[in-house]
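Take a moment with the sequence and the model shown here. The paragraphs that follow walk through them step by step.

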Amino acid sequence: MKTKIDADRFRVRQGSRLRLTRCPTDVAPVYDSKDHYGELLERQVDQLSELQERLYAADSYALLLIFQAMDAAGKDGVLKHVMSGINPQGCQVFSFKHPSATDLDHDFLWRTTTCLPERGRIGIFNRSYYEEVLVVRVHPNLVRGQRIPGFTTARGPFWKDRYQSIVDFERHLGRNGTRIVKFYLHLSKKEQRKRLLARIEDSDKNWKFSVGDLEERRLWRQYMAAYEACMSATSTAEAPWYAVPADDKKNARLIVSQAIIDALTSLKLTYPELDAAARRQLKEIGRQLAK
Ligand code: ATP
Ligand code: MG
């Protein structure tokens with residue numbers, strides 16, 4: 001039986017005012033058993049791998065995938081499982097942590113720009129320039145460290161300008177062949193608690209636990225407000241956000257993989273075709289090799 005995965009229902013519509021309390025963190029899973037999940041994931045990975053090959057061969061579009069989420073939402077797991085079948089040569093992953101002094105000496109889009117995917121490649125940003133309107137919006141004092149001339153306080157217009165810079169930047173990339181898809185892994189506060197506890201209780205997971213995560217957890221409401229404002233302002237037809245229910249890791253992986261497949265399929269990628277002269281030349285070379 002062919003199970004159809006509908007990722008589009010989680011796409012944030014351009015111009016909509018997103019309310020995360022109305023977006024589910026948990027939905028009926030698309031798989032009905034662990035085995036079924038395995039089969040579906042394999043099918044998705046095969047499809048992705050085929051599409052990636054075409055992206056690489058066509059060498060004209062690039063795909064940028066952006067992942068944002070609260071801690072323990074499963075970003076790493078999504079990357080590991082969904083991108084597992086992809087040819088590593090055609091894929092680059094970058095993780096963005098606290099900015100360095102050099103980063104802070106530039107505008108807020110600078111450090112990610114040098115990491116953008118080349119034509120024919122898939123680039124993955126594990127966190128991104130969106131941190132600049134998420135963690136930085138929740139901790140507006142961080143803006144002071146950026147020494148922006150004339151900056152006094154981070155009020156509404158300041159963030160509106162940042163959203164606009166992002167939308168303009170993404171539009172520019174789109175016009176030049178980079179397709180962008182953005183994922184917010186939508187985890188409930190309750191499920192995060194469960195996962196953080198597991199990191200404490202299971203000694204193999206202790207290394208994943210960070211005291212800082214608890215401090216950010218206390219600011220949950222502020223983070224949700226920042227995510228809502230950010231996704232409402234920056235989800236566009238060309239660079240959409242997906243608010244993916246993430247309480248069930250397996251289901252989240254299947255939904256993300258489908259959204260990536262949808263994006264690549266929409267590019268209508270074909271293998272490059274040789275013109276008549278090149279085909280003749282190739283035939284001739286084949287004949288000589290065969291001798
Ligand atoms: P893990 O799942 O392993 O915890 P992570 O992505 O949370 O991965 P960490 O090293 O725990 O990685 O955290 C990176 C931290 O860097 C996050 O708290 C994030 O908010 C912060 N960060 C990223 N970009 C910026 C930025 N531009 N300004 C300030 N903080 C940032
Ligand atoms: Mg972390």
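**From a buried residue to the ligand**

F125 is buried, with a relative accessible area of 0%; buried means under 20% relative accessible area, exposed over 50%, and partly exposed in between, with a 1.4 Å probe and protein chains only. This is a predicted model, where local features need pLDDT of at least 70, side-chain atom pairs count only at pLDDT 80 or more, and totals for chains, interfaces and linings use all residues. Residues are numbered from 1 along each chain as its sequence is written, chains are lettered from A and ligands numbered from 1 in the order in which they are written, and side-chain values use heavy atoms, with hydrogens and water left out.

F125 sits in strand 3. Helices (H or I, at least four residues) and strands (E, at least two) are DSSP runs, numbered from the N terminus. Not counting residues up to four places away in sequence, F125 touches several residues, among them L64, L65, I66 and F67. The list also includes F94, F96 and C115. Contact here means heavy atoms within 4.5 Å. F125 and M224 are 99 residues apart in sequence and 20 Å apart in space, C-alpha to C-alpha.

Five strands form an open sheet in the order 2-3-1-4-5, with parallel pairing. Two strands pair if DSSP finds at least two bridges between them. Strand 2 (91-95) and strand 5 (241-245) are the edge strands, each pairing on one side only. On average, neighbouring strands are turned by 20° against each other, direction ignored. Strand 2 and strand 3 (residues 122-126) run parallel, joined by five bridges. Opposite S95 stands N126 in strand 3.

Helices come next. Helix 6 (residues 156-175) lies across strand 1 (62-69) and strand 4 (178-186), at about 135° to strand 4. Helix 9 (residues 220-234) packs on the sheet and touches strand 1, strand 4 and strand 5. The direction of helix 9 makes about 155° with that of strand 4. Axes are lines fitted to C-alpha atoms, for helices over the stretch in contact, and angles run from 0 to 180 degrees between N-to-C directions.

Which residues are the closest to ligand 1? They are K75, R111, R127, E131 and E132, out of 14 that surround it; a residue counts if one of its heavy atoms lies within 4 Å. A nitrogen atom of ligand 1 is 3.0 Å from an N or O atom in the side chain of R111. An oxygen atom of ligand 1 lies 2.8 Å from an N or O atom in the side chain of E131.

Conventions
A polar contact is a pair of N or O atoms within 3.5 Å; within protein, one must be able to donate a hydrogen and the other to accept it, and residues adjacent in sequence count only if both atoms are side-chain atoms.
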